[in-house]
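Colleague: Please walk me through this one, starting wherever you like.

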Amino acid sequence: MPRQMNRVRLLVFNAALGVLDYSVPEGMTVEPGSVVVGPLGPRQVLGIVWEPERLSAQEVPDAKLRPLLEVLPVPPLPARLRRLIEWTADYYCAQLSSVARMALGSSAALRGGGTTTEYRLSGEEPKRLTPQRAVALDALQGEQASIRELAELASVSEGVLRGMVGAGLLEPVTVDLDRPYPPALPDFDQPELSEGQRKAADTFVEAVKARKFAPFLLDGVTGSGKTETYFEAVAEAIREGRQILVLLPEIALTENFLRRFEQRFGVSPVQWHSSLKASERRRAWRAIAFGEAQVVVGARSALFLPYPKLGLIVVDEAHEVSFKQDDGVRYNARDVAVIRAKFEQIPVILASATPALESMQLAEAGVYRKIDLPDRFGGATLPQINILDLRQEPPERGRWLAPRLVDEMKERLARGEQSLLFLNRRGYAPLTLCRNCGYRFQCPNCTAWLVEHRFSQRLACHHCGHETPVPEACPDCGTADCLVACGPGVERIADEVAEILPEARTALVTSDTMNNPEAIAEFVAMAEGRAIDVIIGTQLVTKGYHFPELTLVGVVDADLGLEGGDLRAAERTYQQVAQVAGRAGRGEKPGEVLIQTRHPEASVIAALAAGDRDAFYAAETEARRDAGAPPFGRWAAIIVSSEDLSEAQSAARAIGGTAPDHPDMLVLGPAPAPLSLLRGRHRFRLLINARRSAELQRYLREWLDPLEFPRGVRVHIDIDPYSFV
Ligand SMILES: Nc1ncnc2c1ncn2[C@@H]1O[C@H](COP(=O)(O)OP(=O)(O)OP(=O)(O)O)[C@@H](O)[C@H]1O
Ligand SMILES: [Zn+2]
C-alpha cells in the first residue's frame, strides 16, 4: 500500500522549468512514478512523480503549492525504471527529463481506452478518376490508417483523401485502441536443437528461471542459429508470464525476425520503432505498460519503455554501431541494456558473430559469461575467403569489378546460384565534378560532397538531406554536359552488373530503396524464391539474412572503411566484411567470398583472409591498450556548435581554456570537427582521454557547468563516442 502523499515533486518535460512541487488534492492517490498533470500559470504541465529526496529543488512552503489536476490512467513508472533513468542521465551527462521522456513514448498513449477511426479502400469501383485519386487508389491497396497517415503513404494531400471518403472510395473503420495482442505460444513449433545449441539454450533457460542479473555474450559464427538458441530463453520467459525485450539495430532486420518469430511462436511479437503508426504506437505502449505485451521487438528506443515484469533482454547483432544514439540523449543501447538487466535482476544476452572488442574484453574479465556456438547449423561450412588484389588484377577502365569476380558471378548465374555484391556507399557516385573547370558539387549546409542518385536524378547530401536536381550545365563555368561522376556507389555497381550480366535479375538494397517494411518483405521473398540472381547492397544486407542459394559474396572495396581512420575503423571493417561474408554458403552448397582490396597486407584484411579472428582481436586489443583507448581507457567528446563561426570558435576556446589539469585526464583540442559545417552549424570538437578509473562524468560537470555561452551555442557531451566527425 503506497503511503498517502500530500505533496509531491515532479520531474517535468521542460528542462527550463526544472523541478516542480505540487500538493495532492483530497481523494487523489499518487505514488512515485505516477504520471500526472499539474497547473502551470494558465497552462498545464505533464510530469512524473519522483522521490523528492532524489531531485534537488528549492523547498516551496505548503501554503504556496497548487494542487495537481489529474493522475493519468496508466501504471506508475516502476522504481527500477526510475533508477535506470537516473543512471542513464548521470552516466551520459544528459537531462533527466530527456531520458524520462523516452519512457513515455507517446502522449496519446497516456490517455485510456477508446476507439479511433481509420480508413481503408472500400472496394467500390470509381466512375471517374482524377490522376491524384488514381495514385491513391494504387498506393493504398491493403492499407488502413488515419487520413493523415494514408496521405503520407500515397503522397497525396489529405484533401484528396477526404474527397474520396465523400465519394465512397474510402470507408471508415472503427478501431478499438486497446485491443489485446494474441498470445505467443512458447511451444508452437520448437525446433530440434543441435547439441551445442541445446547446451547454450539450457544455460539461458536456467538463467531466466533464476531471476537474477546474468549478462551473457552469445558468440556464434554466422549461421550458427543464435536466434533459435535464444528463442528457447524467450519461450521460458513467456511460460513464466514475464516480458521479453529483443533489441535489433535496424528496422530493416525486423521483417526477417518477425517471420522467424511467427514460425516459432505462432504469432507476431509486439513491435516498437519510429515508423509505427500513431495508433499502433499507442496500443503497443499501453500493452507494454500494463504488462500485457509479452515479447517486444524494437529499435533502441524500446529499451526505456515501462515494462512492469521484464524477464529477459536480448540484444541481437550487439556489435552494431547503430545501437549508439548520436542525437538527443547520446546513449549506447547495448550498454544500457546491460544496466537495465542489472536493475531488473534478469539475464541479458548480447548476440553477435563479431562481438565488439569492449564486449570481448568484458567476457574475458569474467563480467559477461561467454557462450560459444563455433559451428554453422546443419553441417553448413563457413565460406572460403579469398583476396583479390586490385593492384594485380585491376578492373577494366571505368569499371569497379575485377575480371575474376565477374567470372565467378557468371559461373553462379549459369548454375542458378545467387551472388551478393557489397559496397557501403549509397547513390551512384560520391563526388560529381565539372570536367571543364573542376567545380565540385558541395552541400551548402555541410562540409560534404553531394552524392549523385541516378534513381531520383538528384544530388543529395547524406548528412542534412539537402537535395538538388542534377543540372544540365556546370553552375560555375556554364559548360553543358560536362559533369563527371567520380567513384562508385551501389547504383553505379548495379549499372555495371546490368552491362556485364544483362540477363541477371538484380536487386538494389539500400536505405533509399528499402525504406519500408513492405519493400523489405518483397525483397526477402524474391531472394528466397530465387527470383533474384545478384543482390547489390550497402551494410543493410550484411547481416541477419539467410538465403541458402547465395554462394558468392564480392566485397567491392574493403579499403573504404579504413580510410576515415577513427578508433574503430579496423574493427568496423572486420565486422562488416565478416558479416557480409557470413551470408555466403549458408545452405548445402559451400560459399566463396572475394575481397577486393589494394592493401592485402593490412592486418584486418590478412586476418579476414586467414579466417583468424583471434589474431585480429588480439592485435586490436594490444593497439587499444597502447593508446589508452576503450575499453582500457575512457573517452568522451565535447561538441560545440553555432550558426555563427566566431561564436562557436570562442565558445570552444573558452572550454579548452578552462580545461582542468588532472593527471587522470588528457584533453585534446578544441579543433574544427571533420564535419566542420553540419546543417548550417559550425562545429568544433574536444576529445578527452581518461583513465579507466577516472570519475570522468564528475570532472566534465565540474568543468562545464559553470561556463556560460551565448544562446546560439550548443555544447554536447558524448560519453564513449562512436562518431568522430
Ligand atoms: N535447431 C535448428 N533447427 C532448424 N533450423 C535451424 C536450427 N538452428 C538454426 N536453424 C536455421 O539455420 C539458419 C541460420 O540460423 P540463424 O539465422 O539463427 O543464424 P545466426 O547465428 O543468427 O546467423 P547470423 O549471425 O549470420 O545472422 C536459419 O535459417 C535457421 O532457421
Ligand atoms: Zn548537408
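Modeller: The buried residues of helix H14 pack against helix H8 (254-265), strand S22 (506-509) and strand S23 (534-537). Helices (H or I, at least four residues) and strands (E, at least two) are DSSP runs, numbered from the N terminus, and contact is counted when two C-beta atoms, placed from the backbone, lie within 7 Å. This is a predicted model, in which local features need pLDDT of at least 70 and side-chain atom pairs count only at pLDDT 80 or more, while totals for chains, interfaces and linings use all residues. Residues are numbered from 1 along each chain as its sequence is written, and chains are lettered from A and ligands numbered from 1 in the order in which they are written.

Colleague: Which residues of H14 are buried?

Modeller: Ile 520, Phe 523 and Ala 527 are the buried ones in H14, where buried means 20 or more other C-beta atoms within 10 Å of a residue's own, exposed means 12 or fewer, and partly exposed is in between, with C-beta atoms placed from the backbone. Looking down the axis of H14, these buried residues fall within an arc of 60 degrees (taken from the directions from the helix axis to the C-beta atoms), so they line one face of the helix.

Colleague: And what happens just after H14?

Modeller: There, Arg 530 takes a positive phi of about 60 degrees.

Colleague: New topic: how many helices and strands are there in the protein chain?

Modeller: The protein chain has 20 helices and 29 strands. Its radius of gyration (over C-alpha atoms) is 27 Å, close to the 27 Å from the globule rule (2.2 Å times the number of residues to the power 0.38) for 725 residues, so the chain is as compact as a globular protein of that length. Of those 725 residues, 43% count as buried.

Colleague: What is the strand order in the open sheet of 5 strands?

Modeller: The order is S2-S1-S4-S3-S5, with antiparallel pairing, and two strands pair if DSSP finds at least two bridges between them. Strands S2 (19-23) and S5 (70-71) stand at the edges with a single partner strand each, so one side of each has no neighbour in the sheet. Further in, S3 (residues 35-40) and S4 (residues 43-50) are joined by 6 bridges, and Leu 40 has Arg 43 in S4 as its bridge partner.

Colleague: Is Val 71 buried or partly exposed?

Modeller: Val 71, which lies in strand S5, counts as partly exposed because it has 17 C-beta neighbours inside 10 Å. Leaving aside neighbours within four places in sequence, Val 71 is in contact with Met 28, Val 30, Ser 34 and Val 36. Val 71 and Thr 29 are 42 residues apart in sequence, with their C-alpha atoms 8.0 Å apart in space.
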